[in-house]
Amino acid sequence: MKLVFASNNKNKIKEIQQLLPSSITILSLEDIGCFEDIPETATTIEGNAIIKANHVTEKYGYNCFADDTGLEVSALNGEPGVYSARYAGEQKDAKDNMNKLLSKLKGNTERTAQFKTVIALNIDGNQQLFTGIAEGIIIEEKKGNQGFGYDPIFQPKELDKTFCPVNNERKSQI
């Protein structure tokens with residue numbers, strides 16, 4: 001079965017393909033000839049996942065799934081949340097985003113946070129939503145240079161280290 005993942009993020013595509021049985025082949029947006037930037041205009045993580053999945057299904061006719069993930073920090077009333085990728089600006093720079101977050105948390109002892117991922121799955125005219133939460137804390141300075149996004153500053157509660165040195169399989173289990 002071929003299933004489009006509404007993304008061109010090669011890191012995410014690789015992670016997901018490793019989790020699925022070989023009978024499912026993941027196609028990227030590029031693989032189906034979708035080169036436009038699908039606007040993420042919703043005010044919620046769920047809404048953005050739905051927008052992306054529906055765009056592919058409606059315009060290209062494929063079964064599809066799309067995700068949106070946000071880092072929600074308790075002390076910042078859920079920021080950056082739906083704006084996680086562009087927290088420090090439209091350039092979507094992970095280093096800038098982490099620096100802004102660490103600056104806003106400077107001196108704050110409340111560092112509880114969670115990654116929230118919502119997947120919208122469109123198959124044969126039906127849509128289902130799935131939500132996953134990884135709870136943890138924001139550490140005080142970046143550690144490691146692997147991973148992507150906020151991985152160098154997010155420490156899941158199951159580990160005594162950030163997501164940076166964690167392999168994809170373990171990260172996906174969490």
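How much accessible surface does the protein chain have, and what share of that surface belongs to carbon and sulfur atoms? In this predicted model, the accessible surface comes to about 9,600 Å², with 48% belonging to carbon and sulfur atoms. Of the 174 residues, 41% count as buried. The C-alpha trace spans about 50 × 30 × 25 Å along its principal axes. A compact globule of 174 residues would have a radius of gyration near 16 Å, and the chain agrees with this, at 16 Å.

The secondary structure consists of 4 helices and 7 strands, arranged along the sequence as β-α-β-α-β-β-α-β-β-β-α. Among contacts between residues at least 6 apart in sequence, 48% join residues at least 24 apart.

Helix H2 covers residues 45–60; its 16 residues should span 22 Å at 1.5 Å a residue, and the end C-alpha atoms are 23 Å apart, which agrees. The buried residues in H2 are Ile45, Gly47, Asn48, Ala49, Lys52, Ala53 and Val56. An α-helix has 3.6 residues a turn, so residues three or four places apart point the same way. The buried residues of H2 pack against strands S1 (2–5), S3 (64–73), S4 (80–81) and S5 (112–123). Just after H2, Gly61 adopts a positive phi of about 80 degrees.

Helix H3 (residues 94–105) contains Asn97, which is buried with a relative accessible area of 4%. The Asn97 side chain reaches the backbone oxygen of Ala85 at 2.9 Å. Leaving aside neighbours within four places in sequence, Asn97 is in contact with Ser84, Ala85, Arg86, Tyr87, Ala88, Lys92 and Tyr150.

Methods:
Residues are numbered from 1 along each chain as its sequence is written. This is a predicted model: local features need pLDDT of at least 70, side-chain atom pairs count only at pLDDT 80 or more; totals for chains, interfaces and linings use all residues. Side-chain values use heavy atoms; hydrogens and water are left out. Helices (H or I, at least four residues) and strands (E, at least two) are DSSP runs, numbered from the N terminus. Buried means under 20% relative accessible area, exposed over 50%, partly exposed in between (1.4 Å probe, protein chains only). A polar contact is a pair of N or O atoms within 3.5 Å; within protein, one must be able to donate a hydrogen and the other to accept it, and residues adjacent in sequence count only if both atoms are side-chain atoms. Contact means heavy atoms within 4.5 Å. The expected span of a helix is 1.5 Å times one less than its number of residues. The radius of gyration is taken over C-alpha atoms; the globule rule is 2.2 Å times the number of residues to the power 0.38. Accessible areas come from the Shrake-Rupley method with a 1.4 Å probe; for residues, only the protein chains shown count as cover.
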